Amino acid sequence: MRNYLKCLAVLFVTVSLFNCKEDTSAREFETTAADSVDVEQQPIKSILTAQEQSSMTPDEIIGRLKKGNENFVSNNLTQRDHSEQRRVATIGQYPKAIVLSCVDSRVPVEDVFDLGIGDIFVARVAGNIENIEIVGSMEFATAVAGSKLVIVMGHTACGAVKHAIDNTDAASMNMNALADLLNEIKPSVEATEKNGDVSSKNTVFTNSVIHTNARMTVEDIRKQSPKMAELETNGQIKIVSAVYDMETGKVEFLK
């Protein structure tokens, strides 16, 4: 009888150990499965907070934008839950930068830097030139809303720059406002070193004007806004120029 009970006890312990091992394996499988889900990119639901905006330096923001542009070039954009981000954004906004870009539909600014709702302010005008309204918007973005970076971003194959180079007479076609806009770009044409034919057919020269135009716009912004010039002098913001390459998708930050 005692031997029989001993056998039962051994059998019970063996079964218990087997079940325990099976349960542990099941939990390990569940944990592994959960971890594998975490490894896969989950859509971002949050937006930039005031604390995150405040903690970043202008140089750090440039670094993040460069990394975002690498994601864009490699077709590896971050997944975002835009519905949730839109809902959260109703509470407030704390963008880290403002980008002045051309109106060209082939330059999707947020995508170019792999950004979502609430990440940046975007101002757009043909030829990415500054005017009083845009400079005022930049002052709001930096001095009021806390953005740390101002980017003037030109792009290759810019139609506005091409027409400024070719002296297109927009006024003769009853487009007086466009004529004024092209006149704003022409100083950049004059300031660019001439290299061969001075026409938009000269791609090297045209690209040089595009670079010059972005740089000169930055200088004009500093002149028009003493407040932003002061913030930059104090190291609180940076005003920089960049050029987006239409063919490669890469953004070059200019020196």
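Of the contacts in this chain between residues at least 6 apart in sequence, 73% join residues at least 24 apart. Keep in mind that this is a predicted model. The chain has 255 residues, and buried ones make up 38% of them. As for secondary structure, there are 10 helices and five strands.

**How α6 and α10 pack**

- Helix α6 covers residues 132–144 and helix α10 covers residues 226–233; their axes sit 9 Å apart.
- The angle between α6 and α10 is about 40°, so the two helices count as oblique to each other.
- As for handedness, α6 passes α10 in a left-handed crossing.
- On the α6 side, the residues that meet α10 are Val135, Met138, Glu139, Thr142 and Ala143.
- On the α10 side, Lys227, Met228 and Leu231 are the ones that meet α6.
- Sorted by class, this contact of α6 with α10 brings together five nonpolar residues, one polar and two charged.

**Glutamate 84 in α4**

- Glutamate 84 is a residue of helix α4.
- With a relative accessibility of 24%, glutamate 84 counts as partly exposed, because buried would need a value under 20%.
- The side chain of glutamate 84 makes a polar contact with the side chain of arginine 87, at 2.6 Å.

- Most residues other than glycine have a negative phi, so the next two are worth a look on the backbone.
- Asparagine 75 isn't a glycine, yet its phi is positive, at about 60°.
- You'll find asparagine 75 in the loop that runs between α3 (58–73) and α4 (82–89).
- Asparagine 75 has a relative accessible area of 71%, so it counts as exposed, the cut-off being over 50%.
- Alanine 157 also has a positive phi of about 60° without being a glycine.
- Alanine 157 is placed in the loop between β3 (149–155) and α7 (159–165).
- The relative accessibility of alanine 157 is 31%, so this residue counts as partly exposed.

Terms used:
Residues are numbered from 1 along each chain as its sequence is written. This is a predicted model: local features need pLDDT of at least 70, side-chain atom pairs count only at pLDDT 80 or more; totals for chains, interfaces and linings use all residues. Side-chain values use heavy atoms; hydrogens and water are left out. Helices (H or I, at least four residues) and strands (E, at least two) are DSSP runs, numbered from the N terminus. Buried means under 20% relative accessible area, exposed over 50%, partly exposed in between (1.4 Å probe, protein chains only). Axes are lines fitted to C-alpha atoms, for helices over the stretch in contact, and angles run from 0 to 180 degrees between N-to-C directions. Angles under 35 degrees count as roughly parallel, over 145 as roughly antiparallel, 65 to 115 as roughly perpendicular and the rest as oblique. A crossing is left-handed if the near helix is turned anticlockwise from the far one by less than a right angle, and right-handed if clockwise. Contact means heavy atoms within 4.5 Å. Ala, Val, Leu, Ile, Met, Phe, Trp, Tyr, Cys and Pro count as nonpolar, Asp, Glu, Lys and Arg as charged, and the others, Gly among them, as polar. A polar contact is a pair of N or O atoms within 3.5 Å; within protein, one must be able to donate a hydrogen and the other to accept it, and residues adjacent in sequence count only if both atoms are side-chain atoms.
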